[in-house]
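I opened the model to take notes on its chains, their contact and the ring pairs. The entries follow in the order I looked things up.

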Amino acid sequence: MSELLQYLITGVGGGCAFALVGSGLVAIYRVTRVVNFAQGAFAVIAALTASTLLATGLPHGLAEGLAVAVGALTGLLVGLVAIGKPGTPPGAALIATLGLGVFAYAVEVLIWGDQPRSFPGVPGAVEIFGARFQAHYLLIIGATLAVFAGMGLLFTRTDVGRALSACASNPYAAKVVGISVTRMGLVSFAIGGALGGLAGVLVTPIQLVTFDYDVTLIVGGFAAAILGGLVRPALTLAGGLLLGVAQALVAGYGNAAYQMEVALVLMLAVMVWQAARKPIVQEETA
Amino acid sequence: MIEGSVIEVRDLTVRYGAAVALDGVSLTVGAGEMVALIGPNGAGKSTLVNTLSGILRPASGRVTIGGRLAQVPEGRQMFPDLTVDDNLRLGGWRVRNRDTGPIYEVLPDLVKLRRRRAGLLSGGQQQMVAVGRALMSRPDVLAVDELSLGLAPLVVADLVRHLRELNAERGLAVLLIEQNARIALDLCTRAYVLEAGRIAVSGSAEELAASPTVAAAYLGADAPVIRASLKSLEQLEGRPDHEEEGVAR
């Protein structure tokens, strides 16, 4: 029993990282209709940045915060390349993000090398009903829930959030009322960068991060986001948690080597199920 | 620019690639004036509106707007997932106007709908939201693209009444783009007829209504207005909403 509880908590913790990466994909896709393949790179760059900043003696909190800001800036740069020229079709922008994701490898290896890195998170362990786990998991879960609540408020209660939703809802009407759809797309890339960055700095204390860790994150994040058709943040959170728990159970009772396969099978199952109901990716009606 | 005009268009040409959508169009709307632009499908009416509002760029010619222009786009163009109140608020984006209160005073029918999702409203209700959203930018002139399309006559009459009031009480100028020439000539004092990207005829509403060519083309039995009414009948019978043709392709 305590073993199961332990898997559930660590699974939810790992799932939070997928949910954050996935919500970054959703934030960008809703506004721009671009599937951002560089999303995992935001997490890796932020994680590696945080490890360097902590090594120079910056205190916890500040280092992670700056690293998330670097993630947001990276997102903005990727956005500028992918959609900066108004009228770029989403397909072309998608290829641009794929290219930038690979380009990020080169930059990461050049700056940080190819050895795995980590840094300490919240110290100590917690015991609940006999299940022992690192206290850092509580930070991951708490921060993720706070971020999702904050995103909900951002999109429904602020002018910028409404404008982002407007671009997602009807880009032509957004232009009619004077909203710059390209500028809002760039804002969404920056938000996606920050969300990816947050996933990176939260997960590094429990998971060694290398330059190519983005593949694990993007597959998990995509599997989470596809549950909500790439447009629904709440379902993305549910998808991330479901995936995290499934992986933890497979690793706990079976073999940890199959974690990626769990994500892929889950993603395929959801896509097949959704394809049977309606088109997964809602194409813009031309 | 002519003194007191809110819209002045001189020799405007707009192209989509090689295709010429507007060819040397000139048109004026005076302050507080109600002017109609009539013409069949594909004549370039929506292209003109989208050029006036800055969404499309002219290939040549000049567009001068004296004051602020707000657009009520064809097909109403709601933000379907957002509430009526949020739709209205977004209308004030350009001028940072968040106060939707005055809109509910002008269009009291919207008060009970303010928390509803715009996508769930009827066509007439959506058209009213579209007018309210345009008013949020405190315009001097309203460019209304296909006010009546797909709407029942009673609903259109109500919308027309609101436009008349706005014009009489606030001096709001209106450029009414219509396929339905009867409505347009009834509401406006002057009108232009646009055909294949050129102004074919222009004059006072009475002159145009009396002109045999205009009457034959736009007020007769074979006129587009009949086809438009047939279309609205189809929609009353539960067809999905009229799909807007993409403009910026």
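Among contacts in chain B between residues at least 6 apart in sequence, what percentage join residues at least 24 apart? I got 69%. A contact here means heavy atoms within 4.5 Å.

Ground rules, noted before going on. This is a predicted model, in which local features need pLDDT of at least 70 and side-chain atom pairs count only at pLDDT 80 or more, while totals for chains, interfaces and linings use all residues. Residues are numbered from 1 along each chain as its sequence is written, chains are lettered from A and ligands numbered from 1 in the order in which they are written, and side-chain values use heavy atoms, with hydrogens and water left out.

Chain B overall. I found nine helices and nine strands in chain B. These are DSSP runs, with helices being H or I of at least four residues and strands E of at least two, numbered from the N terminus. Of the 249 residues in chain B, 53% are buried. Buried means under 20% relative accessible area, exposed over 50%, and partly exposed in between (1.4 Å probe, protein chains only).

The interface. Chain B puts 23 residues into the contact and chain A puts in 18 residues. I read a buried area of about 1800 Å² between them, 60% of it on carbon and sulfur atoms. That area is the accessible area (1.4 Å probe) that two parts lose on being put together, summed over both.

Salt bridges next. I looked up the count between chain B and chain A: two. The term needs a side-chain nitrogen of Lys or Arg within 4 Å of a carboxyl oxygen of Asp or Glu. One of them joins A:Arg162 to B:Asp86, with the closest N and O atoms 2.8 Å apart. On the chain B side that touches chain A, helix H2 (residues 84–91) gives the most, with four residues.

Ring pairs. I found two aromatic pairs over all chains. Rings of Phe, Tyr and Trp (its six-membered ring) pair if their centres lie within 6.5 Å; planes under 30 degrees apart are stacked, over 60 edge-to-face, the rest tilted. A:Tyr7 and A:Tyr253 are edge-to-face, 5.1 Å centre to centre with 85° between the planes. They sit 246 residues apart, A:Tyr7 in helix H1 (residues 2–32) and A:Tyr253 in helix H10 (residues 233–253) of chain A. A:Tyr7 is buried, because its relative accessible area is 16%.

A:Tyr105 and A:Phe211 are also edge-to-face, at 5.3 Å and 85°. A:Tyr105 counts as partly exposed because its relative accessible area is 22%.
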